[in-house]
Amino acid sequence: MINQRHSAHLLGIKGMDRQTITPFLDLAESYALLSRSRKTPRDVLRGRTLINLFFEDSTRTRTSFEIAGKRLGADVVNMTVATSSVNKGETLLDTAATLNAMRCDLLVVRHAQSGAPALLSQKVEASVVNAGDGMHEHPTQALLDALTIRRHFGRLDNLDIAICGDISHSRVARSNLHLLLTMGSRVRLIGPPTLLPSAFGAMENVSLYHSMDEGLKGADVIMTLRVQRERMGAGLIPSEREYFSLFGLDQRRLTYAKEGALVMHPGPMNRGVELASNVADSPQSVISEQVEMGVAVRMAVLDRLLRMRSPS
């Protein structure tokens, strides 16, 4: 969802249409090519300040935004919440007031509570990017996944995409679901009943499966998700070993998908839990490419949001 007041914000995929999504992917594609040639335009964000405000631990996403900002010439500041005033009792609204006084241009926020980035977007003049909020959304992950898929198939429509694992706690699954359906894909959600809300089955072009063998038949793309024990209550899965035996992606299960089907994972992955090591390292795996496309997508998001800002 692109919200615009004086500033444009990327808070979620839900509510975005093809005409809004496609320009992000097109620009990210050009940045991917430029990054490989080491010819990124470092004047795009020259004189602009990007603050990464992460209330949850993240190496991959925070580093990706940092690299993206620096490649475009921004001044990048990483705020360590564990040692900040937030950890000493400062409220989110107090933090917003402080950040507003700093006159930053772009604010990338990860927070354990759903809706926190949206709240900040109402209180700051900077453009806010949601880098993951609770169990709500992770829009740039969905964009980088879509870009990775489009680069291999040349399209996003008329594809069968299986998302496997801990659907219930996954903001990645929710953002991908909204984006892929909007772009014309069909989505299979696969997982144990305790981790797969039945409400998703009411959505058009969404099918639910509690069997990996059945759900993977004929799939073009397989996205495996991290088992999020930190968000789970007790008893949702019996053990990691049993989870892998029922819902882990191994070589045998991979054969149920279409020949050459892509294997994806948003990271960090647990080998031997969500997928076998020989699958993660196979020629069908595009996990490393997802990381590369993450930088390109985040460059595109930072670039476009600043271009969409209206004069204050």
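Predicted model: local features only at pLDDT ≥ 70, side-chain atom pairs only at ≥ 80, totals over all residues.
Residues are numbered from 1 along each chain as its sequence is written, and side-chain values use heavy atoms, with hydrogens and water left out.

**Helix α5.** I traced α5 over residues 139-153 and found that its 15 residues reach 21 Å from first to last C-alpha, close to the 21 Å expected at 1.5 Å a residue; helices here are DSSP runs of H or I with at least four residues, and strands are runs of E with at least two. The expected span is 1.5 Å times one less than the number of residues. I counted 12 of the 15 residues as buried, that is, under 20% relative accessible area with a 1.4 Å probe and protein chains only. Among them are P139, L143, D145 and R150.

**Largest pocket domains and classes.** I saw that the lining draws at least three residues from each of domain 1 (9-137 + 292-309) and domain 2 (139-285), with bounds from an automatic or database domain assignment. By class, I recorded 4 nonpolar, 9 polar and 8 charged residues in this lining, where Asp, Glu, Lys and Arg count as charged, Ala, Val, Leu, Ile, Met, Phe, Trp, Tyr, Cys and Pro as nonpolar, and the others, Gly among them, as polar.

Methods: Buried < 20%, exposed > 50% of the residue type's maximum accessible area, 1.4 Å probe, protein only.
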